[in-house]
Amino acid sequence: MPPSDSALPVTAAAARDDRVTLRFMSEPGDTAAGGRSVAAGSVMEWIDKAGYACAVGWAGTYCVTAYVGNVRHQRPIPPGSIIEVVARLVHTGRTSMHVVVTVSSSDVNVHAYTPATTCILIFVAKGADGTAATVPEWVPTSPSDRRLAAAALERMPARDQIKRLMLDEEYTEAGRAPRTTLRFLVPPEAVNWGGNAHGGTVMRWIDEAAYACAAAWAQDGDGASEAIGVYSGGIHFFAPVRIGDLVVVDARLMYTGEHSMHINVRVSSADPRRPAELSLTTQCMSVFVVPGRAGRALPVRQWTPTSDEDVRIAQHARQIIQLREDIVPIPAALTLEP
């Protein structure tokens with residue numbers, strides 16, 4: 001385990017790279033149900049992998065994913081594309097690093113990358129004893145650095161407010177909203193260098209459960225359905241998921257707009273020998289649409305809350321939507337500037 005940055009000279013920060021670029025080809029296993037595009041869960045795994053590499057490279061020690069926000073899937077990625085994932089540091093706290101990640105794709109015959117997804121992640125550095133470790137201060141030097149740093153700071157109050165609202169909401173069996181629940185044991189191949197499940201793997205579970213819930217609600221009269229994720233936000237990681245844990249991923253419809261399905265996903269885990277002792281590890285809200293021709297979303301079947309809990313949660317979803325509309329998205333083009 002490398003030492004925490006508190007033991008490193010300040011000059012070491014100047015020699016560190018504050019951005020990482022990964023390039024690879026998407027695999028058949030990355031394809032979403034229906035085969036038309038790459039699954040949002042795969043994209044989220046790539047985001048976490050590049051962001052993690054950037055954070056660890058800067059901190060010089062093991063890091064954990066604490067938050068992922070504003071995952072905006074601007075367009076679908078065709079299967080078999082060449083993928084470019086750019087992660088760059090935009091702000092540091094005492095022990096935290098804010099990293100903006102942009103996923104672009106290109107046809108294998110063109111080699112012209114077009115942005116598809118942009119988001120921001122927060123990582124916390126960990127020392128050898130598992131406690132938070134200080135990180136070298138990052139200082140913006142270019143115009144794009146300064147604009148991205150300002151954008152990161154502007155988002156903090158709204159993000160904290162959304163987190164409080166999401167944590168204060170209660171989900172019980174009294175709710176009658178459509179839902180999908182996945183249960184499984186965490187496999188050994190999900191392990192990261194800290195001995196827990198990768199943050200990107202957890203985000204894939206979130207996307208899979210949310211997709212199942214959205215696709216079931218989006219069924220047409222013939223029982224056919226298709227749904228694609230266009231947004232995930234407020235992904236807060238409260239506790240690690242250990243290898244061998246029992247995991248329960250609960251996806252519940254919160255609200256339907258004219259063309260959108262808003263789904264709350266909560267990930268809980270427990271020792272499989274004590275399955276009743278589940279504790280919340282991760283939560284987020286995802287938005288799915290039904291794709292139509294020329295990339296336009298089709299109208300979705302409207303859901304009417306019936307129980308008191310469902311009515312309250314639908315109002316909660318509208319609050320979150322309004323808060324997120326006030327957050328200006330980070331332009332993908334800016335994240336790719338020098």
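User: Is T102 buried or exposed?
Analyst: Buried. In this predicted model, T102 has a relative accessible area of 0%, and buried means under 20%.

User: Where does T102 sit?
Analyst: T102 belongs to strand β4, which covers residues 96-106.

User: And which residues does T102 touch?
Analyst: Leaving out residues up to four places away in sequence, T102 touches E84, V85, V86, P115, T117, T118, A332, T335 and L336. With T335 there's also a polar contact, side chain to side chain, at 2.5 Å.

User: Why is β4 largely enclosed by the rest of the structure?
Analyst: Because 11 of the 11 residues of β4 are buried. Both faces are covered: S96, H98, V100, T102, S104 and S106 are buried on one side, and M97, V99, V101, V103 and S105 on the other.

User: Which strands pair with β4?
Analyst: Strand β3 (residues 82-92) pairs with β4 in the antiparallel sense over 10 bridges, and the two form a hairpin with 3 residues between them. In that pairing, I83 has S105 as its bridge partner. Strand β5 (residues 114-125) also pairs antiparallel with β4, over 10 bridges, and there S96 stands opposite V124.

User: Switching topic, which residues touch the most other members in the largest nonpolar core?
Analyst: M97, I235, M261 and I263, in a core of 63 residues. Apart from that one lies another core of 12 residues, including A158, M166, M254 and I321.

User: What about helix α4, how many of its residues are buried?
Analyst: 15 of its 19, so α4 is mostly covered. Helix α4 runs over residues 199-217 and reaches 27 Å from its first C-alpha to its last, close to the 27 Å expected.

Terms used:
Residues numbered from 1 in each chain as written. Predicted model: local features only at pLDDT ≥ 70, side-chain atom pairs only at ≥ 80, totals over all residues. Heavy atoms only, no water. Helix = DSSP H or I, 4+ residues; strand = E, 2+ residues; numbered from the N terminus. Expected span 1.5 Å × (residues − 1). Buried < 20%, exposed > 50% of the residue type's maximum accessible area, 1.4 Å probe, protein only. Core = buried A, V, L, I, M, F, W, Y, C linked by side-chain atoms within 4.5 Å. Polar contact = N/O pair within 3.5 Å; in protein donor to acceptor, adjacent residues only side chain to side chain. Contact = heavy atoms within 4.5 Å. Pairing = 2+ DSSP bridges.
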